[in-house]
Amino acid sequence: RPPIKTWYSGFPEWRNKISLAPRTLSVVSGHPGHGKSSMFGNVWFNTAAVEGINIIVASFENHPMPDYRKMLRQFWSGVQEREMDNEQLRQADDFIHEHYRFIVHPQERPTLEWLLDMAGSGGDFEVLLIDPWNRIESQREAKETETEYIAWCLTELRLFAKNMDCHVQIIAHPAKRDVKFRDKVPFLEDISGSKNWDNMPDQGFVVHRDKFWDAATNERQYDAKLFHLKARYEELGYPCCMS
């Protein structure tokens, strides 16, 4: 195979450890509320700013306006949206308009086929971000097992990434379990469906926060860990944990 051209994410501490690239498929998991969307929203924002790439966000939990835009504005300015002046807001929105396109289903019931058709139907882009997978309507046939269906979906997404010369990233919640499971770092195979979530992607990540509140200091905690669980190609880095 030819060498893989990777993008710089804007995080110098990630050099040689974690890289993202076109024509590949990645999966991100983690418990709800642990910061998956925020972390990779920041990663792709940085990458867009450094590399000049364009991103399609298929966001089915955070509405493009105002939720996702607020997050991007804050990444651009480095301050809370409420602290930004009109010129900062204008410049941030110009950047968003230039580098981002959002896909929203009118009935909030997107299928995978509809999503890929919409993504590929207009404009240049280098990244398709699906957030979260759990909101995609199942097209599973009556006699098809869940494992077979997930394998078909991931195959379609890998082919889309290669054919469109883009990176496809899926953010997916783990399957629901008891409360004790929420304290443990999940794995890709904990995503509802099958072990194909671990086997088939080119890269796998988990975002996890050990605690949300420090009882000793009575303060909210924001620290998160990023686990790079797998990388199919050496250009993409190697398994590690970044705090």
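These legends walk you through close-up views of one predicted model. In this predicted model, local features need pLDDT of at least 70 and side-chain atom pairs count only at pLDDT 80 or more, while totals for chains, interfaces and linings use all residues. Residues are numbered from 1 along each chain as its sequence is written, and side-chain values use heavy atoms, with hydrogens and water left out.

**View 1. The largest nonpolar core has 30 residues.** Such a core is a set of buried Ala, Val, Leu, Ile, Met, Phe, Trp, Tyr and Cys residues joined through side-chain atoms within 4.5 Å; buried means under 20% relative accessible area, exposed over 50%, and partly exposed in between (1.4 Å probe, protein chains only). Leu-128, Ile-130, Trp-133, Leu-157, Val-168 and Ile-170 have the most contacts inside this core.

**View 2. Arg-73 forms a salt bridge with Asp-93.** The closest N and O atoms are 2.7 Å apart; the term means a side-chain nitrogen of Lys or Arg within 4 Å of a carboxyl oxygen of Asp or Glu. Arg-73 counts as buried at 10% relative accessibility, whereas Asp-93 counts as partly exposed at 23%.

**View 3. Arg-90 and Asp-94 meet through their side chains in a salt bridge.** Here the N to O distance is 2.8 Å. Arg-90 is partly exposed, with a relative accessible area of 42%, and Asp-94 is partly exposed at 39%.

**View 4. Lys-195 pairs with Asp-198 in a salt bridge.** Their closest N and O atoms are 3.3 Å apart. Lys-195 is partly exposed at 41% relative accessibility, and Asp-198 is partly exposed at 23%.
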